[in-house]
Amino acid sequence: MGETDVVETRRRIAAHLVGRERELELALAAVAAGRDLVLEGPPGTSKTTMLKAITEEWGIPLLFVEGNADLTPAKLVGHHNPARVLREDYSADNFVAGPLVEAMRQGGFLYIEEFNRAPEDTLNTLLTAMADRAVEVPRVGRIEAQPTFRVIASMNPFDNVGTTRLSTSVSDRLNRIVVGYQDAEAERGIVALRTGLIGPGAEGEFADRIIADSVAVTRATRGHPDVRQGSSVRGAIDCALVAHELFALRGFDPASLPAEGLGSGSERDLAAGSPEQRYRDTLFDAMLVSLSGRIHVDEAAESSPERVLREIWEDHFILEPARAEPG
């Protein structure tokens, strides 16, 4: 792929990818250079979105494989159809190609999620494909990869349960990009884009507040001392959507909120049953639904997801606004 093509691809993808300009540039440089790649980062950090955008721009397939203990070499490479083998014996015609062979033949990206959960002998099957861009399949022959074939892997560095350490032979053949969480502004942009909760006037301002609060509490799960792994931006997206529906179900009127906004309400504004307090309570209910299953509390901590979320809610809606008050 030429330099002009890569630049144009980056421009088009960046137009609808929020907060991933640097990582997109690095990924494009690696795959355009013909290299295989591992993307290392927590879930919900746009790794798959980047790959989908690149392959769609190039017009090539993206074949997904989930790395787990059941991913055998035969599932990755392919197998001979047992019924046809009994009738016709082994032949190239009754070979059922696996995702590796399909990606090689079609010149697509083989994307293996949770790469370090796959068995070592399965990962070793990739060595020849990555080194020689070809594999030898018994009774089928040598399969050569198309020029655009790439092996792309993803790993979650925060999850070490059921994972294996990559061998030197495998890791030596992969370039690596660390993909972290976006900043708060980018995550608010992602939530606004994915939820569609935007609009003019008071409704838009109310949606902005829901989005900002959902992103803030979701990001707080990642830094809580009792949490081993917090929620990705997917939790913020769901929190905003669930909260929006809850407000509608409970007949909440956004115009009833104090005009001054969060943190400046009087004691009357924050009294039980007041609009401000109803807003905060509804956000907490949305947090429980959308985030409690997404956070992983440290086994050594004597806590629970519900308790952690309550603490985050209190920090965000009570302690932080109180600190912002004059005096």
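1. Contact here means heavy atoms within 4.5 Å, and among contacts in the protein between residues at least 6 apart in sequence, 74% join residues at least 24 apart. The model is a predicted one, in which local features need pLDDT of at least 70 and side-chain atom pairs count only at pLDDT 80 or more, while totals for chains, interfaces and linings use all residues. Residues are numbered from 1 along each chain as its sequence is written, and side-chain values use heavy atoms, with hydrogens and water left out.

2. The protein has 13 helices and 11 strands, these being DSSP runs numbered from the N terminus (helices H or I, at least four residues; strands E, at least two). Of its 327 residues, 45% are buried, that is, under 20% relative accessible area with a 1.4 Å probe and protein chains only.

3. Helix 9 (residues 184-195) and helix 11 (residues 233-249) have axes that come within 9 Å and cross at roughly 50°, the axes being lines fitted to C-alpha atoms over the stretch in contact, with angles from 0 to 180 degrees between N-to-C directions. The contact is made by E187, I190, V191, R194 and T195 of helix 9, together with V233, A236, I237, A240 and L241 of helix 11.

4. H224 lies in the loop between helix 10 (201-221) and strand 10 (227-229), and because its relative accessibility is 10%, H224 counts as buried. The side chain of H224 reaches the backbone nitrogen of D226 at 3.0 Å. Leaving aside residues up to four places away in sequence, H224 touches V308, E311 and I312.

Conventions: Buried < 20%, exposed > 50% of the residue type's maximum accessible area, 1.4 Å probe, protein only. Polar contact = N/O pair within 3.5 Å; in protein donor to acceptor, adjacent residues only side chain to side chain.
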